[in-house]
Amino acid sequence: MIAISLILLSLGLAMDAFAAAVAQGAASRPNRSTALRMSIAFGLAQAIMPVLGWTLGIAFAPFMATTAHWVALILLSILGLHMIKEGFDRDADEPMKQLSLWPLLMVAIATSIDAAVAGITLPSFGVPILLACGVIGLTTAVLTYPGVYLGALVGARIGKWAELLGGMILIGLGIKIFVEHQLFGI
């Protein structure tokens, strides 16, 4: 059950990066180099940022022990709702240029802010932090690479739906954590 939760969290967090990769692929003529650069940048950002959130979670451990399920529900729901709102607000026809190094890093960091916030909830998963961060980063990298090519094939409109799905996954995961704690004390 823990592995499924971690994979769902990883998929939910990867959707912002996937949506950005699809949009980039739709707006430019992607090549392997572009896809690989995006995959590495997004994967590393998503793997590193949860450590920041996790560190904050440790600093407030006594408080987190009694409220982690509430924090997980609230934070993941807020993140999910934000992703859904951004998905609806996104202008699919807005042109996008191929990202150079600094803009790519900025997009990678921006799409991984939710991973930092989600990192606060990692203790409630009962998974070692390095394993969790590795799974989150690898999932993002693996999804980003084909996302660039998918964008080139089907256009920018699918990026919106990827973000909506990611938001729904994060909200569902928050509800699951809350319900498990209420029912089973997990």
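User: How do H2 and H4 lie to each other?

Analyst: This is a predicted model, where local features need pLDDT of at least 70, side-chain atom pairs count only at pLDDT 80 or more, and totals for chains, interfaces and linings use all residues. Residues are numbered from 1 along each chain as its sequence is written, and side-chain values use heavy atoms, leaving out hydrogens and water. Helix H2 (residues 32-59) and helix H4 (residues 101-111) have axes 8 Å apart, at an angle of about 40° (helices are DSSP runs of H or I, at least four residues, numbered from the N terminus; axes are lines fitted to C-alpha atoms over the stretch in contact, with angles from 0 to 180 degrees between N-to-C directions). Under 35 degrees counts as roughly parallel, over 145 as roughly antiparallel, 65 to 115 as roughly perpendicular and the rest as oblique, so H2 and H4 are oblique.

User: Which residues of H4 make the contact with H2?

Analyst: Contact means heavy atoms within 4.5 Å. From H2 come Arg37, Met38, Ala41, Phe42, Ala45 and Gln46. Their partners in H4 are Leu101, Leu104, Val107, Ala108, Ile109 and Thr111.

User: How do H2 and H6 lie to each other?

Analyst: The axes of H2 and helix H6 (residues 129-154) come within 7 Å. They cross at roughly 155°. H2 and H6 are therefore roughly antiparallel.

User: Which residue caps the N-terminal end of H2?

Analyst: Look for a side-chain oxygen 3.1 Å from the backbone nitrogen of Ser33. That oxygen belongs to the capping residue, Asn31.

Technical notes. Helices (H or I, at least four residues) and strands (E, at least two) are DSSP runs, numbered from the N terminus. A polar contact is a pair of N or O atoms within 3.5 Å; within protein, one must be able to donate a hydrogen and the other to accept it, and residues adjacent in sequence count only if both atoms are side-chain atoms.
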